[in-house]
Amino acid sequence: MNDVEEDSMKKYGFGADVGGTTIKMGLFETDGTLLEKWEIPTDTSEKGAHILQDIAATVHGKMVEKDLTKDMVEGIGIGVPGAVDKDGVVHRAVNLGWDVVPLAEELERLSGMKVKVGNDANVAALGENWMGSGKGYNSIVMVTLGTGIGGGIIIDGKILTGANGAAGEIGHMIVNEQEIEACNCGHSAKDVCDCAKAGDKVACDVINQVFGMLGSTLAKIGCVLNPDVFVIGGGVSRAGQIIIDALQEPFCSQVFHASKDTPIVLASLGNDAGIYGAVRMLLS
């Protein structure tokens, strides 16, 4: 933001990160200060028809509680698990029961405020770029490791969305042509990481194999985008330095030589990255 934009910016903004079970909410000052955060259940009944009503209601409730008026609030930023086009239309969010939803238009009507919408992984990357481990960098690639693998790309401080809002879908890249099994359990990664830290050989081999593939993938991404930094987030990233160590060798051995020194760091905002990034969208 330049000085003119900062002077005209309202003091407060709301961030929402919509998941299949809960919606994380945050009230921020627009300088990035998180004032309060809370969660509400994600009501996926009737194909998610009540989700936007619930978000508008909780925002209005918080404004009453904090004695805020609409002329004090910049708006609502929201991250959702689906592809989002430039007009704020969501094109399928299976976990929420949505097909094509004009989210920005609908939530603006319900809330009476400006709304900005983005893909949840992209928005989390923007949050890390604003106030997390990517702060101070011009461009970052974030990879989130959880039940699945997500990704977000920030170039010149802005989300790279692509033609259809589907850029950054790192988890949909095929990295092992021989893999035929699909795993969606999301529970076994911590045990493997803990055993590897304790020196178990089999667990170490698994870590090296899995993160070797990810390191190789980051090298390919690095050859195309040459970001300032890679940020690794998501629940699996809580395993810590063992992940970064496993990524370094395959990355450095395969990336273009000019990019060998690109840092790979752990995300620092945790589950709050999405609400930070959602508010940051309002300011751009």
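Student: Which residue is the bridge partner of His91 in β7?

Tutor: Val100 is the partner of His91. Another partner in β7 is Val101, bridged to Val90. One caution before we go on. This is a predicted model: local features need pLDDT of at least 70, side-chain atom pairs count only at pLDDT 80 or more, and totals for chains, interfaces and linings use all residues. Residues are numbered from 1 along each chain as its sequence is written, and side-chain values use heavy atoms, with hydrogens and water left out.

Student: How many bridges join β6 and β7, and in which sense do they pair?

Tutor: Start with the terms. Strands (E, at least two residues) and helices (H or I, at least four) are DSSP runs, numbered from the N terminus. Two strands pair if DSSP finds at least two bridges between them. Here β6 (residues 90–93) and β7 (residues 98–101) have three bridges and pair in the antiparallel sense.

Student: What is the strand order in the open sheet?

Tutor: The order is β5-β6-β7, three strands with antiparallel pairing. The edges are β5 (83–84) and β7, each pairing on one side only.

Student: Which residue in the hairpin of β6 and β7 takes a positive phi?

Tutor: Gly97 does, near 85 degrees. Four residues lie between the two strands of this hairpin.

Student: What about residues that are not glycine? What is the phi of Arg92?

Tutor: Take the general rule to begin with. Most residues other than glycine have a negative phi. Arg92 has a positive phi of about 70 degrees. It sits in strand β6.

Student: Is Arg92 buried or exposed?

Tutor: Arg92 is at 53%, so it counts as exposed. Asp156 also takes a positive phi, near 55 degrees. Asp156 lies in the loop between β10 (149–155) and β11 (158–159). With a relative accessible area of 54%, Asp156 is exposed.

Student: What does Ser139 touch beyond its sequence neighbours?

Tutor: Contact means heavy atoms within 4.5 Å. Leaving aside neighbours within four places in sequence, Ser139 meets Ile154, Ile155, Asp156, Asn226, Pro227, Asp228 and Val229. Ser139 itself lies in the loop between α5 and β9 (140–145). Its relative accessibility is 9%, so Ser139 counts as buried.

Student: Which residues touch the most other members of the largest nonpolar core?

Tutor: A nonpolar core is a set of buried Ala, Val, Leu, Ile, Met, Phe, Trp, Tyr and Cys residues joined through side-chain atoms within 4.5 Å. The largest one holds 32 residues; Ile55, Ile78, Val80, Trp98, Leu103, Leu107 and Val117 touch the most other members. Helix α3 (residues 51–66) gives the largest share, six residues. Look at Leu103. Setting aside neighbours within four places in sequence, its contacts include Leu52, Ile78, Val80, Trp98 and Val117. Another core lies apart, with 25 residues, among them Ile153, Phe211, Phe251 and Ile264.

Student: At what angle do α5 and α9 pack?

Tutor: Axes are lines fitted to C-alpha atoms, for helices over the stretch in contact; angles run from 0 to 180 degrees between N-to-C directions. Helix α5 (residues 120–131) and helix α9 (residues 273–282) pack at about 85 degrees, their axes 6 Å apart. That makes the pair roughly perpendicular. The class covers 65 to 115 degrees; under 35 is roughly parallel, over 145 roughly antiparallel, and the rest oblique.

Student: Which residues make that contact?

Tutor: Among them are Val123, Leu126 and Trp130 of α5, and Tyr276, Val279 and Met281 of α9. By class, there are ten nonpolar, three polar and two charged residues. Ala, Val, Leu, Ile, Met, Phe, Trp, Tyr, Cys and Pro count as nonpolar, Asp, Glu, Lys and Arg as charged, the others, Gly among them, as polar.

Student: Where is Leu34, and what does it touch?

Tutor: Leu34 is in strand β3 (residues 34–41). At 24% relative accessibility, Leu34 counts as partly exposed. Leaving aside neighbours within four places in sequence, Leu34 is in contact with Gly26, Leu27, Phe28, Asp272, Ile275 and Tyr276. Its C-alpha is 13 Å from that of Trp130, 96 residues away in sequence.

Student: How exposed is Glu105?

Tutor: Glu105 is exposed, at 54% relative accessible area. It belongs to helix α4 (residues 103–111). From Glu105 to Ser188, 83 residues apart in sequence, the C-alpha distance is 40 Å.

Student: And where does Asp205 lie?

Tutor: Asp205 is in helix α7 (residues 201–225). Asp205 is partly exposed, at 40% relative accessibility. The C-alpha atoms of Asp205 and Met9 are 52 Å apart.

Notes
Buried means under 20% relative accessible area, exposed over 50%, partly exposed in between (1.4 Å probe, protein chains only).
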